[in-house]
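Here's a quick tour of side-chain packing and charge pairing. Have the model open next to you as you read.

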Amino acid sequence: MQSVFSGFPPEMVRFFRSLKRNNRREWFQPRKHLFDQHIKAPMLELVSAINTDLAKFAPEYVTEPKNAIFRIYRDTRFSADKTPYKTHVAASFSRRGGERLGAGGFYFSVSHETIEVAAGIWHPERDVMLLVRNHIGETHEELSRLLADKKARKLAGELKGSALSRSPKGFDPAHPAAELIKMKDWVLEVTLDANLVTTPQLHGAIVERFRAMTPVLGYLNRPLLARKPARDLLTDHW
């Protein structure tokens with residue numbers, strides 16, 4: 001797949017390597033312009049390029065680049081790790097109008113060490129979890145067929161997530177999809193070779209996996225979108 005994105009510059013790799021060794025404000029602040037130049041600016045270009053492709057097969061997930069990209073600053077309030085900066089850059093693509101419904105989306109992150117590509121529902125609220133579990137319980141054959149697709153699985157990976165040790169209340173432990181129902185997150189996730197980061201192939205590799213993940217993401221979001229108020233259905237043009 002040809003890409004208009006040529007890859008992150010080698011300076012991106014050097015910056016993150018140095019940041020990992022010097023993760024403190026006194027080091028980062030004098031070099032913030034390097035972060036903006038070699039990481040933030042190319043990341044905006046990459047997200048824009050991915051949006052162009054999403055518009056072709058998942059237009060409802062196209063996200064304004066500045067809204068898609070996560071801040072480099074870590075939230076250390078409840079963490080034992082007090083280092084102030086992330087050593088990766090990441091972006092998420094939420095379904096338009098789906099945030100308040102708890103709908104899942106696409107995600108990727110890049111660093112000097114690895115590339116992660118994912119899609120699904122992560123850490124949902126209790127009501128969202130129940131809707132997804134009921135949906136799986138009633139239509140698990142469809143999900144099983146999607147997950148059994150060998151070509152898609154090679155690109156999208158296995159369905160992962162934290163899970164309960166036993167079936168949740170109200171669900172039969174003997175249900176054929178009991179293991180899927182016990183899950184608390186439903187995420188497809190793969191890691192790619194970090195050497196792709198500085199190449200034009202990075203864009204295509206991410207898009208190819210997003211495309212492969214789309215059917216399962218659509219399945220997981222279906223029960224959440226079904227509760228959408230009728231007036232919203234009339235005003236959204238997807």
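Lys56 pairs up with Asp53 in a salt bridge, with the closest N and O atoms 3.9 Å apart; the term covers a side-chain nitrogen of Lys or Arg within 4 Å of a carboxyl oxygen of Asp or Glu. Both residues sit in helix α3 (residues 32-57), three residues apart, or about one turn of the helix. Lys56 is exposed at 63% relative accessibility, whereas Asp53 is buried at 9% (buried is under 20% relative accessible area, exposed over 50%, partly exposed in between, with a 1.4 Å probe and protein chains only).

Keep in mind that this is a predicted model: local features need pLDDT of at least 70, side-chain atom pairs count only at pLDDT 80 or more, and totals for chains, interfaces and linings use all residues. Residues are numbered from 1 along each chain as its sequence is written, and side-chain values use heavy atoms, leaving out hydrogens and water.

The whole structure has 12 salt bridges, including these:

| Salt bridge | N to O distance |
|---|---|
| Lys56 and Asp53 | 3.9 Å |
| Asp81 and Arg74 | 3.8 Å |
| Glu142 and Arg222 | 2.6 Å |

Glu142 belongs to helix α5 (residues 126-148) and Arg222 to helix α8, so their bridge ties together parts 80 residues apart in sequence. Helices here are DSSP runs (H or I, at least four residues), as are strands (E, at least two), numbered from the N terminus. Glu142 is partly exposed at 25% relative accessibility, and so is Arg222 at 39%.

Now for the greasy part. The largest nonpolar core has 64 residues, and Phe8, Phe93, Phe106, Phe108 and Phe210 have the most contacts inside it. Such a core is a set of buried Ala, Val, Leu, Ile, Met, Phe, Trp, Tyr and Cys residues joined through side-chain atoms within 4.5 Å.

The structure also holds 14 aromatic pairs, meaning Phe, Tyr or Trp rings (the six-membered one for Trp) with centres within 6.5 Å; planes under 30 degrees apart are stacked, over 60 edge-to-face, and the rest tilted. Tyr61 and Phe106 have ring centres 5.0 Å apart and planes at 75 degrees, so they are edge-to-face. Both Tyr61 and Phe106 are buried. Phe106 also forms a tilted pair with Phe210, at 4.6 Å centre to centre and 35 degrees between the planes. Since Phe106 lies in strand β2 and Phe210 in helix α8, this pair ties together parts 104 residues apart in sequence.
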